[in-house]
Amino acid sequence: MSYVPIADQPDEMHDPQTFITKYIWSQDHKVIAIQYAGTAIAVGVVALVLSGLMRLQLGFPDTFTFIEPAEYYQYVTMHGMIMVVYLLTALFLGGFGNYLIPLQIGARDMVFPFLNMLSYWFYLLSVLILMASFFVPGGPTGAGWTLYPPQAITEGTPGAGAGIMLMLASLAVFVVAFTMGGLNYVTTVLQARTRGMTLMRMPLSVWGIFVATILGLFAFPALFVSAVMMSFDKLLGTSFFMPAMISLGEVVDYRGGSPILFQHLFWFFGHPEVYIVALPAFGLVSDVLSTHARRNIFGYRMMVWAIVAIGGLSFIVWAHHMYVSGMNPYFGFFFAFTTLIIAIPTAIKVYNWVLTLWQGNIRLTVPMLFAMGFIFTFIHGGLTGLFLGNVTIDLPLSDTYFVVAHFHMVMGVSPVMVVFAAIYHWFPKISGKMFDERLGKIHFWGTFLGTYAIYLPMHYLGFLGVPRRYFALGTTDFIPQSAFELNAAISVAAIFVGVLQIVFFINIFKSLWSGKKADPNPWDATSLEWLTPDTPPRHGNWGHELPTVYRWAYEYGSPGVKEDFVPQNLPPNEVQMENPGEKYKESEH
Amino acid sequence: MSSLDIAESKNSQEFVEDWSADKQTYHVPWGKAMMWLFLVSDTFIFTCFLVGYLNVRRTTTDPWPYPSEVFALELFGHNLPLILIAIMTFVLITSSGTMAMAVRYAHFRDKKKVFWFMAITAFFGATFVGMQVFEWSKLISEGVRPWGNPFGAPQFGSIFFMVTGFHGLHVSIGVIYLLIVASKVRRGHYDKKDNYEIVEITGLYWHFVDLVWVFIFAFFYLW
């Protein structure tokens, strides 16, 4: 039977005609990826500014009088929700997923480009709805990023009117947008791989994004349902999540609902969400480490199965976020057990990254620095996660800065390290220009050391018992004066790291404007996206013929081969050997 | 390698290798794969709704209304419990049958029959939604509201309107989807590439909506 890959049917391609169809209403996965990434980073900058304002209040209480308690809670809420959902999820899956999946598996585009385009426009709509909540009476919601009822929709909470409604509407639209994109990513990986690209030859980036998208398709429904039910509670006066209670001296009009139900639904989404962000990061960083260490990834199969195992386990650990909510003790036992099991596949991944570096011919480029920075921050955040996974240790630490430090180390700094590693790594392919190496290194060292200056002391504050979520600490016996001084120091470091990110944007724009032209394969990488006929790749990616894949994506430093890498699409008989008489022997992948 | 060979491979390693091989061994059209994925995702939405229902039914402090009284209908002087819902369920299950006929004739490229069976399916779907509108207006006229009702727990009305409304929305979208595909079938749109997969994909969606109804029926009306 003749072999026609799905994404290689010429009449399925929608060639752009005008500027508008090429760059705005585009169905090209690469343009959609850049639209996604640009929007996500722009909204991420808003969240970064909000965190700076929070740190100003925490570090120097009573100094910045324009920050009222209500506004502080609004900053907390919006910072958390934007960073987790609208920046990281959208950037990893909408941005890197869109850009890399078709290029790395050798497809011309996503299988359903029109739906892919709709996905971006719905995402933009959800962002606009969220941003609109800054401008409504009462401001955005200040319910905390977990939006727990009853307080989220009860009078007296900041933004309990229009703010929370816009937040819920925005989340529901985001879920719709994600579903449209996610169906495309999974189906493309399954159905549009080029000849020879078996699942076990795919780069780990694709594996991470693939499994994370499946998690998203199963986890976001819970968020959608809880958003729908809570907006009914607010708008129609139903009592899904609202118990009978007295608020501000008056009996509210609700009875018989279950606030714990919301927590279960929210965390059934919320915990897989951690891995929706982490798995793409795991995948991308594996590719960056392997390429710049000039070594094959250590234990490729184990890496794949670890991604799959973590993805599966992430659905049965959600209640470890609810140890202090009140649960049957046996539940706590079960969820602590499953939570700690996740440490096993995660540790396999960490060991394999380190072993990939072992005896490698490491090139300390900017993406490699960020990737190695990730290993440090991730080990840190992961180990404190083992503390918090135990019920008895979690109970005293749960409402302190220890949780803030753990969470930001493992899910804030680590994925952001990978975001920067990946942006620097693929920037030459995406833009066709090289970035400024010196500015990149300043950016790395400032960010890496700066984030440690922020979050390491927070662990200590947590052990002291300094509570999180407080607008101001006031005077209490158990919080010593030194804690206030430490808080001020943390704030200085946070503002420094925040401002330092300007270096990144200067580097990007300067390089786009006047960077030197990039080599099509500047890192001597093996995977397909570096082997496109044009840099940056044109619409349709591959010219007339799709590439054929002969091996996995990690053929670095093979014995006897002249160059230290063998591209995935190079036929075995064309591989140049050091000794011309010798014949190239294919590895088992 | 045919699907038969895959089923017969005794070794689990071989099985994994077959399924992880490149496109040549995995002949599922992308549209069908994508619809299956969507349906699994949608299953999670309905499951979350039903879990929410089970939960609030336990947490509410008021007694839960007795379904065979609430959903009874006075017909010809007899008080018949669940009669409307029985008819609705029958209509919807029948529409699954006519949809299956449409898929069968799509394999034979019998354009006319495909069109008519899809149109009949859409008609049954629209009938179902119409009867649901009748049921809703009857309940509303009896004083059932999302925030309360005269029969007992206020959550009864909230969850009933929410879940049947969400399902009714699925049926309505399905009717529109069916009519669009049916009219395209009649115009010969799918003859250009001789590709009638879309009929089967529409059928997947339609059967799913029917299957979900079976669960809603069991959970809301029989318990």
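Which residue just after H13(A) takes a positive phi of about 95 degrees? That is A:Gly465. Helices here are DSSP runs of H or I with at least four residues, strands are runs of E with at least two, and both are numbered from the N terminus.

Some ground rules. This is a predicted model, so local features need pLDDT of at least 70 and side-chain atom pairs count only at pLDDT 80 or more, while totals for chains, interfaces and linings use all residues. Residues are numbered from 1 along each chain as its sequence is written, and chains are lettered from A and ligands numbered from 1 in the order in which they are written.

Now confidence. pLDDT is the predictor's confidence in each residue, from 0 to 100. Chain A averages 92, and 97% of its residues score at least 70. Helix H1, residues 19–24 of chain A, is lowest with a mean of 76; H6(A) is highest at 97. Over residues 1–8 of chain A the pLDDT is below 50.

Next, the interface. Contact means C-beta atoms, placed from the backbone, within 7 Å. On that basis, 37 residues of chain A touch 29 residues of chain B. On the chain A side, H5 (162–191), H6 (204–235) and H7 (259–293) each give two or more residues. H6(A) gives the most, with 8. The side splits into 23 nonpolar, 11 polar and 3 charged residues. Nonpolar is Ala, Val, Leu, Ile, Met, Phe, Trp, Tyr, Cys and Pro; charged is Asp, Glu, Lys and Arg; the others, Gly among them, are polar.

Chain B itself has 8 helices and 2 strands. The order is α-α-α-α-β-β-α-α-α-α.

Most residues other than glycine have a negative phi, and most peptide bonds are trans. A:Pro149 and A:Pro150 are joined by a cis bond, omega about 0 degrees. A:Pro150 is in the loop between H4 (113–132) and H5 of chain A. A:Thr535 to A:Pro536 is also cis, with omega near -10 degrees.

A:Asp62 has a positive phi near 70 degrees. Buried means 20 or more other C-beta atoms within 10 Å of the residue's own, exposed 12 or fewer, partly exposed in between, with C-beta atoms placed from the backbone. A:Asp62 has 7 such neighbours, so it counts as exposed. A:Asp524, phi near 55 degrees, has 16 and is therefore partly exposed.

Terms used
Contact = placed C-beta atoms within 7 Å.
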